[in-house]
Amino acid sequence: MKDRLVRILAIAVAVMGVVHIIATFTPLIGGGLEVLTQAKQNAMTYMSLMCGALLIVCGWLAALLHGKVREYPFLRTPFRIIIAALAIDGIAAVAYMNHNPFAWVVFLLIAGLATTALFTNRK
């Protein structure tokens with residue numbers, strides 16, 4: 001049951017990455033960048049896309065690797081690095097955007113994923 005929960009949470013994190021990338025090109029985010037110079041708009045767009053990509057890649061890798069960690073112990077360290085990267089992202093999201101509900105959803109998904117994944121893969 002916990003393995004399935006980890007997989008669902010990891011996939012949900014990846015889906016939030018897709019939502020983040022899509023939101024980058026909506027007026028909600030794009031419209032707020034109009035006051036910036038073109039160079040800063042480009043930089044913010046890049047950072048937003050990379051944040052979404054981080055969620056997609058790490059969520060996808062966590063979903064793929066979680067079931068294999070017990071079978072292949074050498075995957076334990078890369079799996080923990082992935083979870084740590086997500087944890088840093090989740091904490092930073094609420095630290096810098098505590099007014100943003102998206103940040104809180106990402107934080108809660110990652111907190112659930114990290115807690116469940118690390119406790120089910122303990123030796």
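Modeller: Happy to! Let's begin with W104, which counts as partly exposed because its relative accessibility is 39%; buried means under 20% relative accessible area, exposed means over 50%, and partly exposed is what lies in between (1.4 Å probe, protein chains only). Please keep in mind that this is a predicted model, where local features need pLDDT of at least 70 and side-chain atom pairs count only at pLDDT 80 or more, while totals for chains, interfaces and linings use all residues. Residues are numbered from 1 along each chain as its sequence is written, and side-chain values use heavy atoms, leaving out hydrogens and water.

W104 belongs to helix 5, which covers residues 101-120. Helices (H or I, at least four residues) and strands (E, at least two) are DSSP runs, numbered from the N terminus. Setting aside neighbours within four places in sequence, W104 is in contact with V94 and N98, where contact means heavy atoms within 4.5 Å. A93 is eleven residues from W104 along the chain, and the C-alpha atoms of the two are separated by 7.5 Å.

Now for helix 1, where we find M16. M16 has a relative accessible area of 14%, and is therefore buried. Apart from residues up to four places away in sequence, M16 touches L55, F102, V105, V106 and L109. T116 is 100 residues away from M16 in sequence, and the C-alpha atoms of this pair are 18 Å apart in space.

H20 sits in helix 1 too, which runs over residues 2-24. Because its relative accessibility is 12%, H20 counts as buried. Its touching partners, again without residues up to four places away in sequence, are S48, C51, G52 and F102.

A disulfide is a covalent bond between the sulfur atoms of two cysteines, and the cut-off used here is a pair of cysteine sulfur atoms within 2.5 Å. By that rule, there are zero disulfides. C51 is in none, as the nearest cysteine sulfur, that of C58, is 10 Å away. C51 is partly exposed, because its relative accessibility is 24%. C58 is likewise in no disulfide, with the sulfur of C51 as its nearest at 10 Å. C58 counts as buried because its relative accessibility is 9%.

C58 leads on to I82, which touches C58, L61, A62 and L65 when residues up to four places away in sequence are not counted. I82 is found in helix 4, residues 76-96, and counts as buried because its relative accessibility is 10%. A62 is 20 residues from I82 in sequence, yet their C-alpha atoms are 6.9 Å apart.

Finally, let's step back to the whole chain. The protein chain has five helices and zero strands, and from the N terminus on its elements run α-α-α-α-α. Its C-alpha trace spans about 50 × 25 × 20 Å along the principal axes. Of the 123 residues, 33% are buried. Among contacts between residues at least 6 apart in sequence, 70% join residues at least 24 apart.
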